[in-house]
Amino acid sequence: MYKFRRATEAERREWRGGTHNIRGYGASEEDFALFLGKAMTVFGQPDEISNDWESMYSYLIIAEDEQGNEILLEVYHGPSGSAIGGKDGDDYKQASEELIQLILLAEPTDYEHESVYYDIPANVRYTVKGGKAYTESSFPEDMDPEDFM
């Protein structure tokens with residue numbers, strides 16, 4: 001069983017990246033929107049947030065096991081959506097599963113965030129209000145959204 005906390009400013013400065021997706025979460029834009037709202041309830045505002053849909057937000061989280069060993073996990077929204085990142089190993093997988101469950105049990109914080117999926121390009125707006133997720137996508141006038149579904 002792990003305890004979770006946000007990485008300190010000093011720990012974030014020392015972090016050099018290099019995690020990979022251990023576990024993705026969600027299959028829809030609504031799932032992605034709710035996941036961020038729930039992460040905000042558990043950990044507050046993200047360490048980083050941007051308008052780029054493929055790197056929308058990031059939290060660096062320290063997971064501490066019962067023996068006091070610490071591992072670094074990243075809760076983020078990347079090219080495939082909401083995910084937990086870390087390094088290889090059973091301890092990382094176990095910690096990421098516990099972290100996902102902690103996040104999923106939370107009531108989502110209300111928020112609104114606009115981003116751009118630059119590959120298409122499409123504007124994507126996530127809104128969470130009263131525990132429900134709402135998403136809107138808008139495409140350039142000369143594009144047919146059905147071409148990307």
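Colleague: Which pattern of helices and strands does the protein follow when read along the sequence?
Modeller: This is a predicted model, and in it the protein has 3 helices and 9 strands. Read along the sequence, these elements follow the pattern β-α-β-α-β-β-β-β-α-β-β-β.

Colleague: What radius of gyration does the protein have, and what would a compact globule have?
Modeller: Along its principal axes, the C-alpha trace spans about 55 × 30 × 25 Å. For 149 residues, a compact globule would have a radius of gyration near 15 Å, and the value for the protein agrees with this, at 16 Å.

Colleague: Among contacts between residues at least 6 apart in sequence, what percentage join residues at least 24 apart?
Modeller: Here a contact means heavy atoms within 4.5 Å. Among the contacts in the protein between residues at least 6 apart in sequence, the share that joins residues at least 24 apart is 57%.

Colleague: How is the aromatic pair of W53 and Y117 classed, stacked or edge-to-face?
Modeller: A pair of aromatic rings is described by the distance of the centres and the angle of the planes. The count for this model comes to 6 aromatic pairs, and in the pair of W53 and Y117 the rings lie 5.2 Å apart centre to centre, with 85 degrees between the planes. Planes over 60 degrees apart count as edge-to-face, so the pair of W53 and Y117 is edge-to-face.

Colleague: How many residues apart in sequence are the parts that the pair of W53 and Y117 ties together?
Modeller: W53 lies in the loop between β3 (48-49) and β4 (57-64), whereas Y117 belongs to strand β7 (residues 111-117). The pair therefore ties together parts whose separation in sequence is 64 residues.

Colleague: Is W53 buried or exposed?
Modeller: Buried means a relative accessible area under 20%. Y117, at 22% relative accessibility, counts as partly exposed. W53 has a relative accessible area of 7%, and so W53 is buried.

Colleague: Which residues do ring pairs link into a cluster?
Modeller: The cluster includes W53 and Y117, and F32 is also part of it.

Key
Residues numbered from 1 in each chain as written. Predicted model: local features only at pLDDT ≥ 70, side-chain atom pairs only at ≥ 80, totals over all residues. Heavy atoms only, no water. Phe/Tyr/Trp six-rings, centres within 6.5 Å; stacked < 30°, edge-to-face > 60°. Helix = DSSP H or I, 4+ residues; strand = E, 2+ residues; numbered from the N terminus. Buried < 20%, exposed > 50% of the residue type's maximum accessible area, 1.4 Å probe, protein only. Rg over C-alpha atoms; globule rule 2.2 N^0.38 Å.
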